[in-house]
Amino acid sequence: MNKKNNYTLGVLTSGGDAPGMNACVRAVTRTAFQEGINIIGVMNGYEGLINGEFKNWRGARDVGGLLRMGGTVLQAQRSKDFRTKNGQREAIRSMNEVGMDGLITIGGDGTLNGAHALAEQGIKVVGIPASIDNDIWGTDMAIGVDTALNTIMESVDKLRDTASSHARAFLVETMGRNSGYLAVQAGIACGAEIVLCPEFPTTVENVAEIVEDAYKRGKNHAIIIVAEGATIRTTELAHQLDALNVGFKTRMTILGHIQRGGSPTAFDRHLAAQLGIRAVQALLAGETDVMIGLRGRDITLAPLADVISHKRPVNMDTYNMVRMLAQ
Ligand code: F6P
């Protein structure tokens, strides 16, 4: 085992999986080898950290083939135990047992909260944002967002074919938890009539008016994107639109976890590579309790305390673009 400088780095993925997590694990691991340090993969996120589920990588070949793989080979889960002080204490004990000097955590807001909790107890930790929701403050994009958006776009393009053939209005529900980011971006990329999202609530009557107007203007389909966190539930909206008789008959599709799968796009592979490399370099340079992110074209560092106390907003101008272009 390569053990220059006697430094041992751990890497884990946690929370919901996101396409590009594997590419990021590969980048972290190979940068570690490049730097001549020891690298341990932690299985099952923080749960595996508590239970000491470690996997030693001995060389670059051990992470070969990961670049194009969706999901996460390290597995990921949301650990209830780790949210407690006891769980965190057990995790620190496991880290000490294997002599882990620093940890890189790849995941969403829960993962970054966990990273900050460890840092507050003296653990050297750097977070990398990976979540299809793109709700993480301190980065323009999280790993997985671009792939999820492309999956949504391909799905809606297919739905549009059948919607047009039958003159139907299609409600398409996207993921994103409490964030409307995916829905709004998909609305632009897919030419939706309207997007329903938690940030900019609307009424059933308003949606009905917009869809009926599209019908009157001679359109042969209407796409309505509904964020899972929107104030009006997708099923309820489908029933109400049919009851209000807006011209089109209504169908709905909940895209669900298909949005989390698949091979990462070129953008996500690049982002994963850049964030992974920079995270290792930052830790070795003595940085801790920070998240590596992308702002504009720059790879930047933000204190985890700031990251977890803010939420990335959805831009109103971007939201308005959907209606502006739905003519
Ligand atoms: O955070 C990613 C995400 O896919 C959200 O968009 C969604 O609300 C949630 O995870 C679903 O979680 P689970 O995979 O546990 O059903």
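## A tour of charged pairs and one buried serine

In this predicted model, a search of the whole structure turns up 7 salt bridges.

Begin by selecting Arg-260 and Asp-17, whose side chains meet in a salt bridge with an N to O distance of 2.7 Å. The pair links distant parts of the chain, 243 residues apart, with Arg-260 in the loop between β9 (249-254) and α9 (266-284) and Asp-17 in the loop between β1 and α1. Arg-260 is buried at a relative accessible area of 17%, whereas Asp-17, at 22%, counts as partly exposed.

Stay in the loop between β1 (8-13) and α1 (21-35) and select Ser-14, which is buried at 4% relative accessibility. Leaving aside neighbours within four places in sequence, the contacts of Ser-14 include Met-21, Tyr-46, Gln-77, Ile-106 and Thr-111.

Next, select Glu-193 and Lys-219, which form a salt bridge whose closest N and O atoms are 2.4 Å apart. Glu-193 lies in the loop between α6 (181-190) and β7 (194-196) and Lys-219 in the loop between α7 (204-216) and β8 (222-227), so this pair ties together parts that are 26 residues apart in sequence. Glu-193 is buried, with a relative accessible area of 1%, while Lys-219 is partly exposed at 22%.

Lys-80 sits in the loop between β3 (54-56) and α3 (85-97) and is exposed, with a relative accessible area of 66%.

Methods
Residues numbered from 1 in each chain as written. Predicted model: local features only at pLDDT ≥ 70, side-chain atom pairs only at ≥ 80, totals over all residues. Heavy atoms only, no water. Helix = DSSP H or I, 4+ residues; strand = E, 2+ residues; numbered from the N terminus. Buried < 20%, exposed > 50% of the residue type's maximum accessible area, 1.4 Å probe, protein only. Contact = heavy atoms within 4.5 Å. Salt bridge = Lys/Arg side-chain N within 4 Å of Asp/Glu carboxyl O.
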